[in-house]
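The report that follows takes up the charged pairs, the helices and the sheet of one model. Please read it with the sequence and the structure in view.

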Amino acid sequence: MPEAIQLSNVSKAFGSGDARTLALKDASFSASLGELHLLVGPSGCGKTTLLSVAAGTLAWDAGDVSVLGTRLNDLPRPKVTEFRRRHIGFIFQQFNLIPTLDLVENVSVPLLLNGHPRRASEERAAELLRQLGLAGRERKRPTQLSGGQQQRVAIARALVHEPPLLIADEPTSALDRETGHQIMELLATAARSPGRCVVIVTHDPRTYAYADRLTEMEDGRVAAVHQGVALQDFIASHH
Ligand SMILES: Nc1ncnc2c1ncn2[C@@H]1O[C@H](COP(=O)(O)OP(=O)(O)OP(=O)(O)O)[C@@H](O)[C@H]1O
Ligand SMILES: [Mg+2]
């Protein structure tokens, strides 16, 4: 079976001259099918950059990127977009909801883009919104919601088409303790379904208990990967 994500020696710079920032420096990272994989590290160390490369939303400068057995290096840009629509769900750090659409319409987008009929897509979207505690708000606009509610809409949109690879950038940052645990349960269930993988960026130690594996980044590189007993030790020393 292919890895869900395989990045080998990936580099990425932003800007040029004095403003040049090396966000990824020969970073290598892998996440497997069947696991919930956490990505941690200080602000600015390159977590969002790494996952944006893996999701095909950001071009990189050097190195190899394979996702679900497809080498993204070899795919022309439009094919990358199509690949992402079919196979990847992305929960953005800034939510990226569409302000002119109501919640059901926002969550339906991935289904519509994959050619599903509108009516069935909206029914599925509404059902998932209710499951995430947003019953009665289905026809509101994102700006009429709290931060935690918007975050749950972003989560629903990433889950609705049951993508094999789900990437979440701090999905619990705006949530209270109870809702945060509910979301992690939902993501863990998705991760452990056959042929699926969930990768989560987090600063939230409450999420650590859900990890099958945890990668630590530092200054544009992967500094350590923990699983099993080493992961338990890491969790014990970060609570
Ligand atoms: N679009 C951009 N233009 C210029 N620099 C950028 C851009 N995006 C990221 N960077 C820089 O690249 C580095 C890595 O940023 P990145 O967003 O990947 O960090 P992060 O680990 O996700 O941080 P945080 O935990 O704060 O979200 C930082 O130094 C950041 O300033
Ligand atoms: Mg980030």
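## Salt bridges and secondary structure

Glu123 and Arg119 both belong to helix α4 (residues 118-131), where they lie 4 residues apart and are thus separated by about one helical turn; helices here (H or I, at least four residues) and strands (E, at least two) are DSSP runs, numbered from the N terminus. This is a predicted model, in which local features need pLDDT of at least 70 and side-chain atom pairs count only at pLDDT 80 or more, while totals for chains, interfaces and linings use all residues. Residues are numbered from 1 along each chain as its sequence is written, chains are lettered from A and ligands numbered from 1 in the order in which they are written, and side-chain values use heavy atoms, with hydrogens and water left out.

Glu123 and Arg119 form a salt bridge, their closest N and O atoms being 3.6 Å apart; the term denotes a side-chain nitrogen of Lys or Arg within 4 Å of a carboxyl oxygen of Asp or Glu. By this rule the count comes to 12 salt bridges. Side chains of opposite charge can pair when their charged atoms come close.

| Asp74 and Arg71 | 3.0 Å | Asp74, 51%, exposed | Arg71, 35%, partly exposed |

Turning to helix packing, the axes of helix α5 (residues 147-159) and helix α6 (residues 177-191) come within 12 Å and cross at roughly 10°, where axes are lines fitted to C-alpha atoms, for helices over the stretch in contact, and angles run from 0 to 180 degrees between N-to-C directions. That crossing makes α5 roughly parallel to α6, a class that covers angles under 35 degrees. From α5 the contact (heavy atoms within 4.5 Å) draws on Arg152, Ile155 and Leu159, and from α6 on Thr179, Ile183, Leu186, Leu187 and Ala190. These residues divide into 6 nonpolar, 1 polar and 1 charged, with Ala, Val, Leu, Ile, Met, Phe, Trp, Tyr, Cys and Pro counted as nonpolar, Asp, Glu, Lys and Arg as charged, and the others, Gly among them, as polar. Helix α6 also holds Glu185, which is partly exposed at 44% relative accessibility. Between Glu185 and Gly133 the C-alpha to C-alpha distance is 14 Å, across a sequence separation of 52 residues.

The sheet is open and consists of 4 strands in the order β2-β1-β4-β5, with antiparallel pairing; two strands pair if DSSP finds at least two bridges between them. Because β2 (21-31) and β5 (70-71) stand at the edges and each has a single partner strand, one side of each is left without a neighbour in the sheet. Strand β1 (residues 5-14) pairs with β2 in the antiparallel sense over 7 bridges, and Gln6 stands opposite Ser30 in β2. Across β1, β2 and β4 (62-67) lies helix α1 (residues 47-54), which runs at about 120° to β1.

Terms used. Buried means under 20% relative accessible area, exposed over 50%, partly exposed in between (1.4 Å probe, protein chains only). Angles under 35 degrees count as roughly parallel, over 145 as roughly antiparallel, 65 to 115 as roughly perpendicular and the rest as oblique.
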